[in-house]
Amino acid sequence: MALSMPPPEAAILSRRDEIVARLKKILPAENVIADEIARRAYDCDAFTMYRALPLVVALPETVAQVSAILELAQDLSVKVVPRGAGTSLSGGSMPLEDGVLLGMSKFNRIIEIDYENRCARVQPGVTNLSITRAVEGRGFYYAPDPSSQIACSIGGNVGENAGGVHCLKYGLTTNNLLGLEVVLMGGEVIRLGGKHLDSEFYDLMGLMTGSEGLLGVITEATVRILPKPSVARALLLGFASVEDGARAVGAIIARGVIPAGLEMMDRATIGATERFQPCGYPQDAEALVIVELDGAQAEVDHLTGVCEEIARAQGATSAKISTSEAERLQFWAGRKNAFPAVACIGPDYLCMDGTIPRRRLPEVLLGMEALAKKYGLRVANVFHAGDGNLHPLILYDASIDGDSERAERLGADILRLCVAVGGVLTGEHGVGVEKRDLMGEMFSQADLEQQMRVKCAFDPQGRLNPGKVFPTLHRCAEFGMMRVERGEPRFPELPRF
Amino acid sequence: MGVLAPSSEAELAEAIRAANAAGTPLRLLGAGSKTALGRPSTGTPLSLAAFTGVSLYEPEELVLTAGAGTPRAEIEALLDAHGQRFAFEPIDHGPLLGLAPGQGTLGGMVSTGASGPRRFQAGGLRDHLLGFRCVTGQGEIVKSGGRVMKNVTGYDLSKLVAGAYGTLAALTEVTFKVLPKPETEATLLLETSGEAEALAALRAAAKTAAEPGGLAASPRGAPPLRLARDAALIRLEGPAISVARRVEDLRAALGGGERIDASQSRDLWRALRDAAPVADQPGQAWRVSVAPTDGLALIEALRGAGAPLLAHFYDWVGGLVWLCLGEAPDAHAPLLRAGLATLGGHATLVRASKEVRARVDVFEPQPRALAALTRRVKESFDPNHVLERGRMRAEY
C-alpha cells in the first residue's frame, strides 16, 4: 500500500531556479532555503514513514511576504505546502518535490494578551505551551493541550483542530478560537472573527479549523484563555480488565460528571511507560484509568468522592488520589510520555487516531487484538476514554523487510473497524496523507465531492497542499453543475491514488 | 402556492434538482416559527416535516441524533427526562417575534445558530453540532461529521450549516453532543451605580476560577427584574456544595451581592435567553456581537448620536448587546454599523417589518475579499441560488 502522491510536474521542476530567484525578491536571501542539504531538514513532519525533498523552503516573516508568495504561487501555478512546527502525525505538512514549503516558524510573536476580554492574539508559529507560559503568571492558561504542546505551533493546531487530554470538558482548538487572519491563494488577506464570540455570517473560521492547510495560510490567531481552576486533582485507578475500566468511565459520565480529563491505558502501555518514566502505575492492572477533576475546592472534593465510589463499585483493583500538585503531575507524566515510551519497545510505531462510541471499546479492543495477531504485530493502546478517541500504537521494526507495510495494513484495518462500529478515521491527528486513501470508508463520493467543492471556493487551482485529505485529484471545473448518471464512475480519466 | 412535502431524502433531492432545472427558488419550512428572521426569502415552500424522530439517543455517550424536522420541545423534554440538556442554551425566538414560546424544530435551531447566555462558558450551537445529513442546494445527498465527540475527518461542514439559515443545504438529520444538567444553580445579583460598574463586575467575575455559566448586565428598569438600579447577574451551576461555595467566593471577590436561588434563577436566565428586556418592548431589535469590553462603548456611541434607544441589555460579559430602537426606515443600521466599524464585531437585525428587512442589510456587510469568498462558499453548495434565495444577502 505504498503512498502515491501527485507526480511532480516537470514544467515546475525545470523552472526551479526562476522560482527561487522570484522568492528571493520577496524574502531576504537567508529566508529562502534552496540548498539540498538544508532542505533535507524539511523532508517530513512527525509522520516519518514518507519523505520528500521540497522544491524550495520559504520562511516569510510578515503577512505581506506570505501574501506575495501566495500571489507568486498562483501566477506561476506552483504548489504550496504550509508548515508550522512539523509535528503532524498524519503527514499534513509532508513536502512536495514540485512545491514550495512555506515554513511559518518565524511568525513567533505573541502580539497581544487581553485579560479583560480573556484572549490572546498570537502569530501562528507560537507554540501551544508558550501561550500558557505567557499568561500563567496572571492565573490563566490555554486549554487545548496536545501531547506535542511543547513543540507544536498554534497555526498547526488550527490547521489540524488539535485536541489533547482535556477535550471532553474544554473542547478542541475549534472551541477555543475567536479569530483568524488568513491569506488565500492569490494573496488576498481576510480576517475571520475577532475578540467577539459569534460568527457574522457563515462560520468560515470553524471551517478553516481542521482544514489541514488546504484552504488558506493562517497568519494570526486569537485564542481564548481561561482562568486556571482553583484545584485540580487526579485519580489513578487500576482495573483487572479493560471492560471494567470502560464500564467505570461510562458510569462516571452517566452520573453527570464531566471530568477535565478521562484517560485509559492498556497493559502494554502501562508496562512501557513504567520502564521509560517510572511514575507509580499499578503493574498488575490490565487497564489504568486517570480521572482528572478540576474546579472549586468544594466541587473537586465532592466529585473525588463520587468517582472513587464509582470506581470501587466497578471493581477497581487500586485507587490512588493525588495529594499534591507534584503528585498529580506525576500521575500524568506516564500518560504524557506514552508515545516515546512505546517507541522504546517498538522500536518503531505507527499511531492510529480513530474515535469510536465509547461503549464499543471492549469489542474494538478484542477486534484489534485479533487483527494484530493476523499481521503478527503488537499493539499498545492509549485511549482518551472520555471522548472515545483511541490511539492504538502499532509496534513494528522498519529495519525488517515488509514490517512497515504490514503495520500500515493493520492500521488501515483498525480504522475500518472504528468506522464499522460508528466511529471515525481520525479524532485529532488529521487525515493528511496517512488516512487519505481510507476516506472512502467513511464518506460517499457525494460527501467527498461536496468537501472538494468547498476547497474549490478557496483554492480554484488546487495548488494549496494538494495530495492531502482527498483520495482523488480533481479539477474544480469538474464540480460545476454538470451531473453524471447514477452508477457511472465520475471522471474516470482522473488519477486515483 | 402549493407546499412541496418530500417524504424521503431521495424525494427531497429530486425536488431540489427539479428546482435547479427550472430555476425556481425554494423556501425551507420547518415549524414556520422563524420566517421573520433574516431577509424575506422567495420561493416555493418546501416542508421538511417528514424528517422527524429520534434515531439515536445514548445518554451515557452524550449523543443524540434526530430528524431536522423534529420539534425542539420534544427533544428538550426527552433530554430533560434523562437529566441532560443542550448546554448551548438555545434561544427561543418566539417571544422576540411575538409568537408563542416552545415552537420550532431542530433544523430551525441549527439554521439560526441559536445559542444563549451559557455560550460564553459552554460554547454555542456550532460547538455542539457533531454532524448532519442534508441535501445540498445542488440536490446531492451529503453527510458530514459523525456521532462521536472528537472528529477531524474531512472538513467540519457542521460549522457552515450552523447559522446558515438554510442557504446552503436542506438539513434532514442532525447529531448533537448533549450534556448532563447540573445538580443546581444560583445567581449572584450585584446592584451597581451605572452600567460601567456592572460590566466591570462581570469582567472581574469572568477572571476568577468560579466558572460562571452566565454573565449578564441588566440596566435599571429592564424586565424581567425591573430593578431600580443597574445590576450584574452572575450564574453558577454545579453540585449544591460547589455552588454555595462559589457564590460566597464571588460575593467576597466582588464586595457583595444578593443570592437568587435555583427556581428563580432558572426563570431569570430563561427570560434573558429569550431576550426579554427587548422582546417586551415594541421597536426594531438588533443583536450585536462585540468584544466584551466594547459593549458599553457601543451603547454610549448610540446615546451620543441621539439614537432612540428604547431598551437594551448585555450578555456574554458585555460582548452580546441586545438593542431595541425606535422604528426607522433604515432601522438605524448606518449609525450602528459606523460604531462597529471602529470597534469590530457585527450586528444582526432580529426584529423589523418585512419591508425594512428587505431593504436593510440584516447581516453585517463584509469586506470585498471576504464577501467574494463567502459567495463562492454559498455557490459550492447551491450554485443556482435555489435555497432560501435572498434570505441572507440580497444578491443570492
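Reader: What share of the residues in chain B is buried?

Author: Call a residue buried if 20 or more other C-beta atoms, placed from the backbone, lie within 10 Å of its own. In chain B, that's 58% of the 396 residues. Bear in mind that this is a predicted model, where local features need pLDDT of at least 70 and side-chain atom pairs 80 or more, while totals for chains, interfaces and linings use all residues. Residues are numbered from 1 along each chain as its sequence is written, with chains lettered from A and ligands numbered from 1 in written order.

Reader: What radius of gyration does chain B have?

Author: The globule rule, over C-alpha atoms, is 2.2 Å times the number of residues to the power 0.38. For 396 residues, a compact globule would come out near 21 Å, and chain B agrees because its own value is 21 Å.

Reader: Which domains does chain B have?

Author: Bounds come from an automatic or database domain assignment. Here it gives domain 1 (54-180), domain 2 (184-262) and domain 3 (276-359) of chain B. The C-alpha centres of domains 2 and 3 of chain B lie 24 Å apart. Their contact (C-beta atoms, placed from the backbone, within 7 Å) takes 14 residues from each of these two domains.

Reader: Which element gives the most to the domain 2 side?

Author: Helices are DSSP runs of H or I, at least four residues long. On that side of chain B, α7(B) gives the most, with 6 residues.

Note on methods
A residue is buried if 20 or more other C-beta atoms lie within 10 Å of its own, exposed if 12 or fewer, and partly exposed in between; C-beta atoms are placed from the backbone. Helices (H or I, at least four residues) and strands (E, at least two) are DSSP runs, numbered from the N terminus.
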